[in-house]
Amino acid sequence: MGIDDFMSKTRSKSKQFLEQSRGKSKEEVRELEQQMLKPATLPPYTKEQANTNVLADRGVKIVFPDMETFELFARHFRVRGVGKAVGNAVTDIKLLILFLEHLESGEIVYDKENGRLEFTGVEPGDNQRVAPLDGGKQRRRT
Amino acid sequence: MVENKGAELSSGEYNSPRISSELPDCSMPMTFDHFNYCSLGCLYCFAYFFKSNNPSISKVQLKSIDVKKKLAAMAGKPTNKQDAMFAEHFYARKFLLHWGGLADPFCNFEKKNNVGLRFIEGLGELNYPTLFSFKGDGIFEKDYINVFERYSRQKNFAFQTSIITNSDKLSSIVEIGVPPTSKRLAAISMLSDMGYWTILRLRPFIIGISDEGLDELLERALAAGIRGVSMEFFAMDGRANVGMKDRYAWLSKVMGIKDMHKYFTDLSPKERGGYKRLNRMVKEQYVKKVYQFCAKHGLVCGISDPDFKELNTSGSCCAMPDLYKANPLLQNWTKNQLTYHLKEARKTYHKTGKCVELTFNGVYGEETYLDDPRFANDHVCVINMNYADRANLTQRIILREGWNNLNSPSNPRNYFHGKLMPVRSDENGDLVFKYNPMEYEARWADEGINMTR
């Protein structure tokens, strides 16, 4: 259905109502309004939908392996709403962002195989990016 | 239901202003009251539901703003966080203060305590642009007349006087404890004579009450010196407790309605949700009368109702002027909202035949307060929201989600009931809405009504 189809449903209803309500009492006009002037339903929109939950796109759920790890996390990040209907949430993630930026810049590297973090001494702003260690070998690329 | 008792101030400060929930199409989103309650007893009052009739409020305690702190903030020296955020985003650029959102600036509480008087003096000294929406007769007291006369030369104040019927008798039935229509017209006259911009605020326009004697009321208001008319129809909230139901029952008798709930439910579009505003066919004849009257007399026509919003002749549906040479600060309201853009779309269509498309970024532009999370806490949607979402929520996100959600009553398609229709998505993933010309526009144009003003 196009835009015009919606418009046509109201054609001349207003004019008809004005003609029929002339000279009638207040109460009769109210009754006539209810009989003649009910609104049409909007036609459906069938094209591409848009994003309706902006914040959800920027959120992520993290499930910890056990309560001990959860409590470790909670000691460093303020977890609010624990156990309440609104759900657990972290509002201040500055520490996390800082850590990720150091990881991204190469100041810290993550040795996934050995489960270690290493400080490389690379200053932030250096042109070299150091990829994470892979099988013990360190790769450099400019 | 707890009634207001007495006019004595309690301890504690009232926090105002706040951001209006009518943000999507409001030119003055900074809404202000200097008391937390109003002493007037208008049966139709929508604020009643949120204030003394609010079931979560167990005791009504009258509080006021701290005048000294508020004026300091407006002068660029805020003393607390709340004032600092308004100072940063609004006071620094002298954004227009709209006074009278949920309470009357000149009601009995003001007559008893004179808090507002001190604040008005301060606003005058600062040449701060302020629009009053009022019907109380405290404005006739000598001190208030003197202060408004004192600042009349700089014209930083403007006034909307609420009048909903031509008849003093009908007014006394519907607006308990409020000065009659004649007295309010006298207030318009007094302020117009001082040289101020005055507006007839036909809000709410109640079918069955406001239509009686409408022609005469418009003429009387014109004779009193109005420069604009602002109109919005009475709506019935679907959430009605005992207090509201009693009021609706009383109103329905005067309106000529047998069953208030059925009348408003039958005649209100479902897409608009539980705040039942009737539909444009029911309203057309009254809007037409006001639009033609304004055109004939060169008045600003302000349609605050979502139906016929496109007929606004300035970008502010409170009938504030686009241009005000006497004091350009009164132009400090925002065009980054749908009233302005819908008005422009209507004018473009009738001048050129082109149906304009509106994008989210095009309508809401760059308003700094929309991106400050601190302001989002004024919105009712934060209730039951988790803290992480709440800490990151902004008014712009709220607007965007309504804009894109075709099930939301605040979506432009639903709110204006078909006046704007979604046609596609833009490069940002937001819906694009197109102006939808309607049957009445062709009919009015054929009758010789100017649709381009």
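Start with the rings. Across all chains, the structure holds 47 aromatic pairs. Keep in mind that this is a predicted model.

**Stop 1: two rings in chain A**

Select A:Phe73 and A:Phe77. Their ring centres are 4.7 Å apart and their planes meet at 25 degrees, so this pair is stacked. The cut-off for stacking is under 30 degrees between the planes. Now check the surroundings of each ring. A:Phe73 is partly exposed, at 21% relative accessible area. A:Phe77 counts as buried, at 10%.

**Stop 2: a ring pair in chain B**

Select B:Phe205 and B:Tyr286. This aromatic pair is tilted, with 5.2 Å from centre to centre and 40 degrees between the planes. B:Phe205 is buried, with a relative accessible area of 1%. B:Tyr286 is buried too, at 6%.

**Stop 3: an aromatic cluster**

Stay in chain B. One aromatic cluster includes B:Phe32, B:Trp99, B:Phe106, B:Tyr144 and B:Tyr196.

**Stop 4**

Find the open sheet of eight strands in chain B, with mixed pairing. Trace the strands in the order β1-β2-β4-β5-β6-β8-β9-β12. Which strands stand at the edges? They are β1 (18-19) and β12 (300-303) of chain B; each has a single partner strand, so one side of each is left without a neighbour in the sheet.

Next, zoom in on β8 (residues 197-205) and β9 (residues 228-233) of chain B. These two strands pair in the parallel sense, over five bridges. Select B:Leu200 and look across to β9(B): B:Val229 stands opposite.

**Stop 5: salt bridges**

Turn to charged side chains. Side chains of opposite charge can pair when their charged atoms come close. Over all chains, the structure holds 34 salt bridges.

- Select B:Glu367 and B:Arg93. They form a salt bridge, with the closest N and O atoms 3.1 Å apart. The pair links distant parts of the chain, 274 residues apart. B:Glu367 lies in the loop between α14 (360-364) and α15 (387-392) of chain B. B:Arg93 lies in the loop between α3 (81-89) and β4 (97-99) of chain B. B:Glu367 is buried at 6%, whereas B:Arg93 is partly exposed at 38%.
- Select B:Lys111 and B:Asp137. Their closest N and O atoms are 2.8 Å apart in a salt bridge. B:Lys111 is in helix α4 (residues 108-113) of chain B, and B:Asp137 is in the loop between β5 (130-134) and α6 (142-150) of chain B. B:Lys111 counts as partly exposed, at 28%.
- Select B:Glu232 and B:Arg277. This salt bridge has its closest N and O atoms 3.0 Å apart. B:Glu232 lies in strand β9 of chain B and B:Arg277 in the loop between β11 (275-276) and α12 of chain B, so the pair ties together parts 45 residues apart in sequence. Both ends are buried: B:Glu232 at 13% and B:Arg277 at 8%.

The residues linked in it are B:Arg272, B:Arg280, B:Lys283, B:Asp305, B:Asp307 and B:Glu310.

**Stop 6: a charge without a salt bridge**

Select B:Asp426, in the loop between β14 (420-425) and β15 (431-435) of chain B. B:Asp426 is buried yet has no salt bridge. How far away is the nearest side chain of opposite charge? That side chain, B:Arg400, is 6.6 Å away. Leaving aside residues up to four places away in sequence, B:Asp426 touches B:Thr359 and B:Val432.

**Last stop: helix α18**

Select residues 439-446 of chain B, helix α18. The buried residues here include B:Tyr440 and B:Trp444. Just after α18(B), B:Gly448 takes a positive phi of about 90 degrees.

How values were computed: Residues are numbered from 1 along each chain as its sequence is written. Chains are lettered from A and ligands numbered from 1 in the order in which they are written. This is a predicted model: local features need pLDDT of at least 70, side-chain atom pairs count only at pLDDT 80 or more; totals for chains, interfaces and linings use all residues. Side-chain values use heavy atoms; hydrogens and water are left out. Two strands pair if DSSP finds at least two bridges between them. Helices (H or I, at least four residues) and strands (E, at least two) are DSSP runs, numbered from the N terminus. Buried means under 20% relative accessible area, exposed over 50%, partly exposed in between (1.4 Å probe, protein chains only). Lys and Arg count as positive and Asp and Glu as negative; His and the chain ends are not counted. A salt bridge is a side-chain nitrogen of Lys or Arg within 4 Å of a carboxyl oxygen of Asp or Glu. Contact means heavy atoms within 4.5 Å. Rings of Phe, Tyr and Trp (its six-membered ring) pair if their centres lie within 6.5 Å; planes under 30 degrees apart count as stacked, over 60 as edge-to-face and the rest as tilted.
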